[in-house]
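Please take a friendly walk through this model with me.

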Amino acid sequence: MSTRDLETKPVIGLEIHVQLATRTKLFCGCPLEFGAEPNSRVCPVCLGMPGVLPVMNRTAFELAVRAATALHCDIARFTKWDRKSYYYPDLPKNYQISQYDLPFSSDGYFDVPVGETTKRVRILRVHLEEDAGKNLHDNPAVTLVDLNRTGTPLLEIVTQPDIESADEAYAFCTELQKLVTYLGVSEANMQMGHMRFEPNINVHITRDGVVYKTPIVEVKNLNSFRSVRGAVMYEIERQIQDWLADPTYTLENRGKENRGWNDTREITEFQRSKEEAHDYRYFPEPDLVPVEISEAWLAELQADIPELPLDRQQRLQDEVELSAADAATIVGDRATADLFEAAIAAGGHGITLGKQFISFWLRRAKERNTSIAGLGIDAERLGELSRLTADGTINATAAARIAEHMLDSADTPMAIAQREGLIQVKDVGQMQVWVDEAFAANAKAVQDAVSNPKKQQRARGFLTGQVMKLSAGQADPKIVGELIDKKLAELAAG
Ligand SMILES: [Zn+2]
(Lines give C-alpha, C1' and ligand atoms only; values in the text may rest on other atoms or scores of the structure.)
Protein backbone atom coordinates (compact mmCIF):
# COMPACT_ATOMS: atom_id res chain seq x y z
CA MET A 1 0.00 0.00 0.00
CA SER A 2 1.17 3.50 -0.65
CA THR A 3 1.73 6.33 1.80
CA ARG A 4 -1.04 8.27 0.08
CA ASP A 5 -3.67 6.36 2.04
CA LEU A 6 -2.08 7.36 5.34
CA GLU A 7 -2.01 10.41 7.47
CA THR A 8 1.44 10.78 8.98
CA LYS A 9 2.58 13.18 11.71
CA PRO A 10 6.28 13.29 12.61
CA VAL A 11 6.91 13.86 16.32
CA ILE A 12 10.38 15.20 17.08
CA GLY A 13 12.13 16.32 20.24
CA LEU A 14 15.71 17.51 20.54
CA GLU A 15 18.43 17.02 23.12
CA ILE A 16 21.21 19.50 22.57
CA HIS A 17 24.55 19.84 24.30
CA VAL A 18 26.15 23.27 24.22
CA GLN A 19 29.68 23.85 25.48
CA LEU A 20 29.83 26.88 27.75
CA ALA A 21 32.33 29.64 27.07
CA THR A 22 34.22 29.41 30.36
CA ARG A 23 37.97 29.58 30.69
CA THR A 24 38.13 26.55 32.93
CA LYS A 25 36.36 23.25 33.51
CA LEU A 26 33.14 22.78 35.48
CA PHE A 27 34.61 21.31 38.68
CA CYS A 28 38.35 22.09 38.57
CA GLY A 29 40.69 24.83 37.41
CA CYS A 30 42.03 23.09 34.29
CA PRO A 31 41.94 25.39 31.25
CA LEU A 32 39.71 24.60 28.28
CA GLU A 33 41.86 24.70 25.20
CA PHE A 34 40.92 23.22 21.87
CA GLY A 35 43.74 21.32 20.19
CA ALA A 36 46.08 21.17 23.20
CA GLU A 37 48.54 18.28 23.55
CA PRO A 38 46.47 15.21 24.61
CA ASN A 39 46.18 14.74 28.40
CA SER A 40 48.02 17.99 29.12
CA ARG A 41 45.00 19.86 30.55
CA VAL A 42 44.12 17.51 33.37
CA CYS A 43 44.43 17.37 37.16
CA PRO A 44 43.55 14.89 39.93
CA VAL A 45 39.95 16.19 40.04
CA CYS A 46 39.08 15.70 36.37
CA LEU A 47 41.11 12.48 36.29
CA GLY A 48 38.88 11.18 39.09
CA MET A 49 41.64 10.34 41.56
CA PRO A 50 40.50 9.04 44.95
CA GLY A 51 39.98 11.62 47.68
CA VAL A 52 39.71 14.72 45.49
CA LEU A 53 36.84 17.21 45.81
CA PRO A 54 35.11 19.01 42.92
CA VAL A 55 34.25 22.71 43.27
CA MET A 56 31.57 24.25 41.04
CA ASN A 57 32.63 26.87 38.49
CA ARG A 58 30.39 29.83 39.33
CA THR A 59 30.76 31.42 35.89
CA ALA A 60 29.51 28.22 34.23
CA PHE A 61 26.47 28.27 36.45
CA GLU A 62 25.80 31.93 35.67
CA LEU A 63 26.08 31.38 31.92
CA ALA A 64 23.69 28.46 32.24
CA VAL A 65 21.13 30.58 34.09
CA ARG A 66 21.45 33.28 31.48
CA ALA A 67 20.68 30.81 28.67
CA ALA A 68 17.77 29.25 30.54
CA THR A 69 16.30 32.68 31.28
CA ALA A 70 16.46 33.61 27.61
CA LEU A 71 14.63 30.34 26.91
CA HIS A 72 11.88 31.54 29.27
CA CYS A 73 12.52 28.71 31.74
CA ASP A 74 11.60 28.73 35.40
CA ILE A 75 14.83 28.90 37.40
CA ALA A 76 14.83 26.64 40.45
CA ARG A 77 15.89 28.38 43.65
CA PHE A 78 17.39 25.09 44.83
CA THR A 79 19.22 22.67 42.57
CA LYS A 80 21.53 19.73 43.18
CA TRP A 81 24.03 17.51 41.40
CA ASP A 82 23.74 13.80 40.66
CA ARG A 83 26.07 11.04 39.62
CA LYS A 84 25.19 9.26 36.39
CA SER A 85 27.08 5.99 36.51
CA TYR A 86 28.46 4.21 33.51
CA TYR A 87 31.71 2.55 32.63
CA TYR A 88 33.60 3.74 29.60
CA PRO A 89 37.32 4.40 28.97
CA ASP A 90 36.83 8.12 28.40
CA LEU A 91 35.15 8.53 31.80
CA PRO A 92 37.84 8.02 34.46
CA LYS A 93 35.52 8.44 37.46
CA ASN A 94 33.06 5.87 36.07
CA TYR A 95 30.35 8.43 36.61
CA GLN A 96 29.46 11.76 35.14
CA ILE A 97 28.30 14.64 37.34
CA SER A 98 24.96 15.78 35.95
CA GLN A 99 21.55 16.87 37.19
CA TYR A 100 18.75 14.33 37.39
CA ASP A 101 15.53 15.07 39.24
CA LEU A 102 16.14 18.70 40.21
CA PRO A 103 17.58 20.49 37.16
CA PHE A 104 18.30 24.17 37.68
CA SER A 105 15.65 25.14 35.14
CA SER A 106 12.56 23.80 33.37
CA ASP A 107 9.34 24.60 31.50
CA GLY A 108 10.39 27.24 29.02
CA TYR A 109 9.90 27.84 25.33
CA PHE A 110 11.81 29.06 22.31
CA ASP A 111 10.23 30.88 19.36
CA VAL A 112 11.88 29.86 16.12
CA PRO A 113 11.35 31.51 12.74
CA VAL A 114 10.41 28.91 10.13
CA GLY A 115 9.86 30.47 6.73
CA GLU A 116 7.43 33.33 7.18
CA THR A 117 5.99 32.08 10.47
CA THR A 118 7.24 31.49 14.00
CA LYS A 119 7.15 28.09 15.64
CA ARG A 120 6.99 27.88 19.42
CA VAL A 121 8.87 24.88 20.80
CA ARG A 122 8.43 24.15 24.48
CA ILE A 123 11.56 23.47 26.53
CA LEU A 124 11.23 20.60 28.99
CA ARG A 125 14.40 21.30 30.96
CA VAL A 126 17.86 22.79 30.84
CA HIS A 127 20.56 21.37 33.07
CA LEU A 128 24.31 21.44 33.53
CA GLU A 129 26.69 18.52 33.30
CA GLU A 130 30.31 17.72 32.63
CA ASP A 131 31.60 16.28 29.38
CA ALA A 132 33.53 13.01 29.09
CA GLY A 133 36.92 12.63 27.39
CA LYS A 134 37.57 11.49 23.88
CA ASN A 135 38.58 8.11 22.50
CA LEU A 136 40.92 8.40 19.55
CA HIS A 137 40.69 5.66 16.92
CA ASP A 138 43.25 7.09 14.50
CA ASN A 139 45.52 4.07 14.82
CA PRO A 140 43.60 0.90 13.88
CA ALA A 141 45.70 -1.21 16.27
CA VAL A 142 44.93 0.72 19.46
CA THR A 143 42.45 3.15 20.96
CA LEU A 144 43.95 6.13 22.77
CA VAL A 145 42.15 8.29 25.30
CA ASP A 146 42.48 12.07 25.55
CA LEU A 147 41.06 13.42 28.81
CA ASN A 148 41.55 17.15 28.09
CA ARG A 149 37.84 17.50 27.46
CA THR A 150 36.82 15.62 30.61
CA GLY A 151 34.96 18.02 32.88
CA THR A 152 34.09 20.57 30.18
CA PRO A 153 30.86 22.38 31.19
CA LEU A 154 27.92 21.45 29.00
CA LEU A 155 24.43 22.81 28.94
CA GLU A 156 21.91 20.14 28.08
CA ILE A 157 18.72 21.51 26.56
CA VAL A 158 15.79 19.11 26.17
CA THR A 159 12.73 20.15 24.17
CA GLN A 160 9.21 18.78 24.22
CA PRO A 161 8.38 16.76 21.09
CA ASP A 162 6.83 19.81 19.41
CA ILE A 163 8.90 19.75 16.24
CA GLU A 164 7.14 18.33 13.17
CA SER A 165 9.63 18.42 10.31
CA ALA A 166 13.31 18.33 9.39
CA ASP A 167 13.13 22.02 8.47
CA GLU A 168 11.78 22.94 11.89
CA ALA A 169 14.52 20.91 13.58
CA TYR A 170 17.13 22.65 11.45
CA ALA A 171 15.64 26.08 12.23
CA PHE A 172 15.60 25.32 15.95
CA CYS A 173 19.28 24.34 16.00
CA THR A 174 20.51 27.29 13.95
CA GLU A 175 18.40 29.75 15.95
CA LEU A 176 19.73 28.28 19.19
CA GLN A 177 23.28 28.80 17.94
CA LYS A 178 22.40 32.44 17.29
CA LEU A 179 20.91 32.78 20.77
CA VAL A 180 23.81 31.31 22.73
CA THR A 181 26.41 33.33 20.84
CA TYR A 182 24.35 36.50 21.38
CA LEU A 183 24.22 35.78 25.08
CA GLY A 184 27.93 35.08 25.22
CA VAL A 185 27.00 31.72 26.72
CA SER A 186 28.92 29.71 24.13
CA GLU A 187 31.14 30.34 21.14
CA ALA A 188 28.97 27.66 19.49
CA ASN A 189 31.74 26.83 17.06
CA MET A 190 30.60 23.74 15.14
CA GLN A 191 34.10 22.81 13.95
CA MET A 192 35.26 22.68 17.55
CA GLY A 193 32.31 20.51 18.54
CA HIS A 194 30.69 23.14 20.77
CA MET A 195 27.18 21.96 19.83
CA ARG A 196 25.97 18.36 19.57
CA PHE A 197 22.45 17.31 18.69
CA GLU A 198 20.39 14.22 19.43
CA PRO A 199 16.94 14.23 17.85
CA ASN A 200 14.24 11.84 19.08
CA ILE A 201 11.99 10.95 16.20
CA ASN A 202 8.89 8.90 15.63
CA VAL A 203 5.85 9.08 13.41
CA HIS A 204 2.17 8.87 14.32
CA ILE A 205 0.46 7.13 11.42
CA THR A 206 -3.31 7.21 11.06
CA ARG A 207 -4.95 4.48 8.97
CA ASP A 208 -8.71 3.89 8.95
CA GLY A 209 -9.07 6.08 12.02
CA VAL A 210 -6.52 4.11 14.07
CA VAL A 211 -3.28 5.77 15.19
CA TYR A 212 -0.07 3.71 15.06
CA LYS A 213 3.14 5.04 16.60
CA THR A 214 6.51 3.97 15.26
CA PRO A 215 9.37 3.26 17.74
CA ILE A 216 11.08 6.38 19.09
CA VAL A 217 14.54 6.61 17.56
CA GLU A 218 17.28 8.69 19.12
CA VAL A 219 19.95 9.63 16.59
CA LYS A 220 23.18 9.99 18.55
CA ASN A 221 25.82 12.67 18.43
CA LEU A 222 25.10 14.79 15.38
CA ASN A 223 27.56 17.63 15.06
CA SER A 224 26.29 19.71 12.17
CA PHE A 225 23.02 21.40 11.23
CA ARG A 226 23.09 19.58 7.91
CA SER A 227 23.25 16.19 9.60
CA VAL A 228 20.32 17.11 11.86
CA ARG A 229 18.18 17.91 8.85
CA GLY A 230 19.40 14.83 6.96
CA ALA A 231 18.89 12.42 9.85
CA VAL A 232 15.39 13.68 10.67
CA MET A 233 14.31 13.58 7.05
CA TYR A 234 15.71 10.09 6.58
CA GLU A 235 14.16 8.73 9.79
CA ILE A 236 10.65 10.00 9.03
CA GLU A 237 10.65 8.23 5.68
CA ARG A 238 12.40 5.08 6.95
CA GLN A 239 10.00 4.64 9.87
CA ILE A 240 6.94 4.95 7.62
CA GLN A 241 8.41 2.44 5.13
CA ASP A 242 9.43 -0.02 7.87
CA TRP A 243 5.97 0.16 9.40
CA LEU A 244 4.36 -0.39 5.99
CA ALA A 245 6.57 -3.45 5.47
CA ASP A 246 5.94 -4.78 8.98
CA PRO A 247 2.89 -3.51 10.92
CA THR A 248 4.42 -4.78 14.20
CA TYR A 249 7.11 -2.12 13.87
CA THR A 250 5.55 0.04 16.59
CA LEU A 251 6.60 1.80 19.77
CA GLU A 252 4.49 -0.66 21.74
CA ASN A 253 6.39 -3.66 20.39
CA ARG A 254 9.88 -2.29 19.91
CA GLY A 255 10.22 0.49 22.46
CA LYS A 256 13.01 2.97 21.86
CA GLU A 257 16.21 2.53 19.95
CA ASN A 258 19.45 4.37 19.26
CA ARG A 259 20.73 4.88 15.77
CA GLY A 260 23.83 6.59 14.37
CA TRP A 261 24.08 8.86 11.36
CA ASN A 262 26.31 7.80 8.51
CA ASP A 263 27.30 11.11 6.98
CA THR A 264 28.75 9.58 3.83
CA ARG A 265 25.81 7.34 2.94
CA GLU A 266 23.29 9.77 4.44
CA ILE A 267 21.41 7.06 6.30
CA THR A 268 20.92 6.11 9.95
CA GLU A 269 22.19 2.77 11.23
CA PHE A 270 20.86 0.72 14.13
CA GLN A 271 23.08 0.81 17.26
CA ARG A 272 21.14 -0.64 20.18
CA SER A 273 17.85 -0.54 21.96
CA LYS A 274 17.86 2.28 24.43
CA GLU A 275 18.51 2.05 28.16
CA GLU A 276 16.05 3.64 30.56
CA ALA A 277 17.13 6.09 33.26
CA HIS A 278 17.49 3.44 35.98
CA ASP A 279 20.34 1.80 34.06
CA TYR A 280 22.50 4.76 35.02
CA ARG A 281 21.94 4.35 38.79
CA TYR A 282 21.57 8.07 39.35
CA PHE A 283 22.15 9.18 42.92
CA PRO A 284 22.91 12.54 44.58
CA GLU A 285 26.53 13.68 44.31
CA PRO A 286 27.79 13.70 47.91
CA ASP A 287 30.89 15.84 47.20
CA LEU A 288 29.07 18.94 45.96
CA VAL A 289 26.74 21.20 47.92
CA PRO A 290 23.38 21.98 46.30
CA VAL A 291 23.14 25.42 44.71
CA GLU A 292 20.73 27.90 46.22
CA ILE A 293 19.94 30.92 44.06
CA SER A 294 18.99 34.08 45.93
CA GLU A 295 16.50 36.53 44.43
CA ALA A 296 19.24 39.16 44.32
CA TRP A 297 21.63 36.93 42.38
CA LEU A 298 18.91 35.91 39.95
CA ALA A 299 17.81 39.52 39.41
CA GLU A 300 21.41 40.48 38.71
CA LEU A 301 21.81 37.70 36.13
CA GLN A 302 18.51 38.46 34.44
CA ALA A 303 19.27 42.18 34.18
CA ASP A 304 22.34 41.26 32.19
CA ILE A 305 20.49 39.72 29.24
CA PRO A 306 20.76 41.67 25.96
CA GLU A 307 18.03 42.11 23.35
CA LEU A 308 17.47 38.64 21.86
CA PRO A 309 18.03 37.93 18.16
CA LEU A 310 14.40 37.43 17.18
CA ASP A 311 13.33 40.64 18.97
CA ARG A 312 16.14 42.54 17.32
CA GLN A 313 15.22 41.11 13.93
CA GLN A 314 11.62 42.23 14.38
CA ARG A 315 12.74 45.70 15.46
CA LEU A 316 15.00 46.09 12.40
CA GLN A 317 12.13 44.97 10.15
CA ASP A 318 9.91 47.65 11.68
CA GLU A 319 12.43 50.47 12.03
CA VAL A 320 14.51 50.05 8.87
CA GLU A 321 11.92 48.22 6.74
CA LEU A 322 14.23 45.30 6.06
CA SER A 323 12.71 42.06 4.78
CA ALA A 324 12.53 39.23 7.31
CA ALA A 325 15.25 37.31 5.48
CA ASP A 326 17.63 40.28 5.27
CA ALA A 327 17.04 41.22 8.91
CA ALA A 328 17.70 37.61 9.93
CA THR A 329 20.96 37.57 7.99
CA ILE A 330 22.20 40.79 9.56
CA VAL A 331 21.09 39.83 13.05
CA GLY A 332 22.66 36.37 12.63
CA ASP A 333 25.98 37.73 13.80
CA ARG A 334 25.81 40.02 16.81
CA ALA A 335 28.87 42.11 15.95
CA THR A 336 27.54 42.62 12.42
CA ALA A 337 24.14 43.71 13.74
CA ASP A 338 25.89 46.13 16.13
CA LEU A 339 27.89 47.53 13.21
CA PHE A 340 24.74 47.92 11.12
CA GLU A 341 23.01 49.92 13.81
CA ALA A 342 26.12 52.01 14.47
CA ALA A 343 26.31 52.85 10.75
CA ILE A 344 22.70 54.04 10.81
CA ALA A 345 23.39 56.08 13.93
CA ALA A 346 26.33 57.65 12.05
CA GLY A 347 23.95 58.95 9.40
CA GLY A 348 23.61 55.89 7.15
CA HIS A 349 20.52 55.31 5.02
CA GLY A 350 18.76 52.26 6.48
CA ILE A 351 17.23 50.53 3.46
CA THR A 352 20.25 51.23 1.24
CA LEU A 353 22.63 50.10 3.96
CA GLY A 354 20.59 46.90 4.31
CA LYS A 355 20.89 46.24 0.58
CA GLN A 356 24.64 46.89 0.65
CA PHE A 357 25.10 44.60 3.64
CA ILE A 358 23.21 41.78 1.94
CA SER A 359 24.86 42.26 -1.46
CA PHE A 360 28.54 43.12 -1.68
CA TRP A 361 29.53 43.35 1.98
CA LEU A 362 28.22 39.85 2.71
CA ARG A 363 29.84 38.49 -0.45
CA ARG A 364 33.23 39.93 0.47
CA ALA A 365 32.89 38.64 4.03
CA LYS A 366 32.16 35.12 2.76
CA GLU A 367 35.13 35.25 0.39
CA ARG A 368 37.35 36.14 3.31
CA ASN A 369 35.73 33.54 5.52
CA THR A 370 34.61 36.08 8.09
CA SER A 371 31.57 38.14 9.07
CA ILE A 372 30.79 41.64 7.79
CA ALA A 373 32.02 42.99 11.12
CA GLY A 374 35.15 40.90 10.59
CA LEU A 375 35.98 42.95 7.46
CA GLY A 376 37.05 45.71 9.83
CA ILE A 377 35.34 48.64 8.09
CA ASP A 378 34.14 51.31 10.50
CA ALA A 379 30.51 52.31 10.91
CA GLU A 380 31.05 55.91 9.72
CA ARG A 381 32.34 54.86 6.29
CA LEU A 382 29.65 52.20 5.84
CA GLY A 383 27.04 54.80 6.73
CA GLU A 384 28.50 57.36 4.32
CA LEU A 385 28.56 54.93 1.41
CA SER A 386 24.88 54.14 1.88
CA ARG A 387 24.02 57.85 2.20
CA LEU A 388 25.89 58.79 -1.01
CA THR A 389 24.09 56.00 -2.83
CA ALA A 390 20.68 56.92 -1.46
CA ASP A 391 20.97 60.63 -2.33
CA GLY A 392 22.14 59.88 -5.89
CA THR A 393 25.70 61.19 -5.55
CA ILE A 394 26.87 57.77 -6.75
CA ASN A 395 24.93 54.95 -8.38
CA ALA A 396 24.77 51.33 -7.23
CA THR A 397 27.50 50.15 -9.60
CA ALA A 398 29.84 52.88 -8.40
CA ALA A 399 28.99 52.00 -4.79
CA ALA A 400 30.16 48.43 -5.36
CA ARG A 401 33.42 49.68 -6.87
CA ILE A 402 33.99 52.12 -4.03
CA ALA A 403 33.35 49.29 -1.58
CA GLU A 404 36.20 47.32 -3.17
CA HIS A 405 38.55 50.23 -2.51
CA MET A 406 37.28 50.63 1.04
CA LEU A 407 38.46 47.11 1.81
CA ASP A 408 42.11 48.04 1.30
CA SER A 409 42.21 51.71 2.29
CA ALA A 410 41.00 53.94 5.09
CA ASP A 411 39.82 56.63 2.66
CA THR A 412 36.25 57.87 2.93
CA PRO A 413 33.77 56.77 0.23
CA MET A 414 33.54 60.39 -0.99
CA ALA A 415 37.30 60.67 -1.37
CA ILE A 416 37.40 57.38 -3.29
CA ALA A 417 34.47 58.46 -5.50
CA GLN A 418 36.25 61.69 -6.41
CA ARG A 419 39.60 60.02 -6.97
CA GLU A 420 38.15 57.27 -9.16
CA GLY A 421 35.78 59.58 -11.03
CA LEU A 422 32.66 57.81 -9.79
CA ILE A 423 30.51 60.79 -8.91
CA GLN A 424 27.28 60.32 -10.81
CA VAL A 425 26.78 62.46 -13.90
CA LYS A 426 23.53 64.40 -13.69
CA ASP A 427 24.09 66.26 -16.95
CA VAL A 428 21.28 65.07 -19.26
CA GLY A 429 23.05 66.46 -22.34
CA GLN A 430 26.11 64.31 -21.65
CA MET A 431 23.92 61.26 -21.10
CA GLN A 432 22.11 61.87 -24.37
CA VAL A 433 25.50 61.82 -26.12
CA TRP A 434 26.26 58.39 -24.62
CA VAL A 435 22.80 57.09 -25.57
CA ASP A 436 23.21 58.24 -29.18
CA GLU A 437 26.65 56.68 -29.30
CA ALA A 438 25.36 53.35 -27.97
CA PHE A 439 22.49 53.31 -30.50
CA ALA A 440 24.84 54.05 -33.39
CA ALA A 441 27.22 51.26 -32.41
CA ASN A 442 24.54 48.57 -31.86
CA ALA A 443 22.14 48.68 -34.79
CA LYS A 444 21.00 45.06 -34.35
CA ALA A 445 20.03 45.59 -30.69
CA VAL A 446 18.22 48.79 -31.59
CA GLN A 447 16.28 46.94 -34.28
CA ASP A 448 15.31 44.19 -31.83
CA ALA A 449 14.28 46.72 -29.20
CA VAL A 450 12.03 48.50 -31.68
CA SER A 451 10.45 45.66 -33.61
CA ASN A 452 11.13 42.22 -32.17
CA PRO A 453 8.66 41.62 -29.30
CA LYS A 454 10.49 38.47 -28.20
CA LYS A 455 13.83 40.22 -27.82
CA GLN A 456 12.59 43.69 -26.91
CA GLN A 457 13.21 43.44 -23.18
CA ARG A 458 16.68 41.97 -23.48
CA ALA A 459 17.79 44.36 -26.21
CA ARG A 460 16.71 47.33 -24.13
CA GLY A 461 18.68 45.98 -21.15
CA PHE A 462 21.69 45.48 -23.39
CA LEU A 463 21.54 49.07 -24.62
CA THR A 464 21.29 50.36 -21.04
CA GLY A 465 24.39 48.33 -20.19
CA GLN A 466 26.26 49.81 -23.15
CA VAL A 467 25.41 53.35 -22.08
CA MET A 468 26.55 52.64 -18.52
CA LYS A 469 29.77 51.22 -19.92
CA LEU A 470 30.39 54.32 -22.07
CA SER A 471 29.87 56.48 -18.98
CA ALA A 472 32.31 54.34 -16.99
CA GLY A 473 29.47 53.65 -14.58
CA GLN A 474 28.87 57.34 -13.87
CA ALA A 475 25.53 57.84 -15.62
CA ASP A 476 22.34 57.89 -13.59
CA PRO A 477 20.64 54.63 -14.68
CA LYS A 478 17.19 56.08 -14.11
CA ILE A 479 17.71 59.01 -16.48
CA VAL A 480 19.49 56.75 -18.99
CA GLY A 481 16.43 54.47 -18.99
CA GLU A 482 14.15 57.41 -19.70
CA LEU A 483 16.34 58.66 -22.57
CA ILE A 484 16.50 55.18 -24.12
CA ASP A 485 12.73 54.74 -23.93
CA LYS A 486 12.19 58.13 -25.54
CA LYS A 487 14.56 57.35 -28.39
CA LEU A 488 13.06 53.92 -29.00
CA ALA A 489 9.57 55.42 -29.08
CA GLU A 490 10.71 57.94 -31.70
CA LEU A 491 12.24 55.21 -33.85
CA ALA A 492 9.12 53.05 -33.54
CA ALA A 493 6.97 55.98 -34.63
CA GLY A 494 9.26 56.18 -37.68
ZN1 LIG B 1 41.18 19.24 36.10
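## Two crossing helices

Helix 2 (residues 166-182) and helix 6 (residues 309-320) have axes that come within 9 Å and cross at roughly 95 degrees. That makes helix 2 roughly perpendicular to helix 6, a label used for angles of 65 to 115 degrees. Axes here are lines fitted to C-alpha atoms over the stretch in contact, with angles running from 0 to 180 degrees between N-to-C directions. Helices are DSSP runs of H or I with at least four residues, strands are runs of E with at least two, and both are numbered from the N terminus.

Which residues meet here? E175, K178, L179 and Y182 of helix 2 meet P309, L310 and R312 of helix 6. Contact means heavy atoms within 4.5 Å.

## About the model

This is a predicted model, in which local features need pLDDT of at least 70 and side-chain atom pairs count only at pLDDT 80 or more, while totals for chains, interfaces and linings use all residues. Residues are numbered from 1 along each chain as its sequence is written, and side-chain values use heavy atoms, leaving out hydrogens and water.

## The zinc site

The zinc ion has four protein donors, the SG atoms of C28, C30, C43 and C46, at 2.3 to 2.4 Å. Donors are N, O and S atoms within 2.8 Å of the metal (3.2 Å for Na, K and Ca); water is not among the atoms, so sites may look incomplete.

Along the sequence, the donor residues follow the spacing C-x1-C-x12-C-x2-C. C30 and C46 both lie in the loop between strand 1 (7-19) and helix 1 (58-70), so the pair ties together parts that are 16 residues apart in sequence. Both C30 and C46 are buried, meaning under 20% relative accessible area with a 1.4 Å probe, protein chains only.

## A residue in strand 1

I12 is found in strand 1. Is I12 buried or exposed? I12 counts as buried because its relative accessibility is 0%. Beyond its neighbours within four places in sequence, I12 touches several residues, including Q160, I163, P199 and V232. I12 and V232 are 220 residues apart in sequence, with their C-alpha atoms 8.3 Å apart in space.

Three antiparallel strands make an open sheet in the order 5-4-16. Strand 5 (95-98) and strand 16 (283-284) are the edge strands, each pairing on one side only. Two strands pair if DSSP finds at least two bridges between them.

Notes: Buried means under 20% relative accessible area, exposed over 50%, partly exposed in between (1.4 Å probe, protein chains only). Angles under 35 degrees count as roughly parallel, over 145 as roughly antiparallel, 65 to 115 as roughly perpendicular and the rest as oblique.
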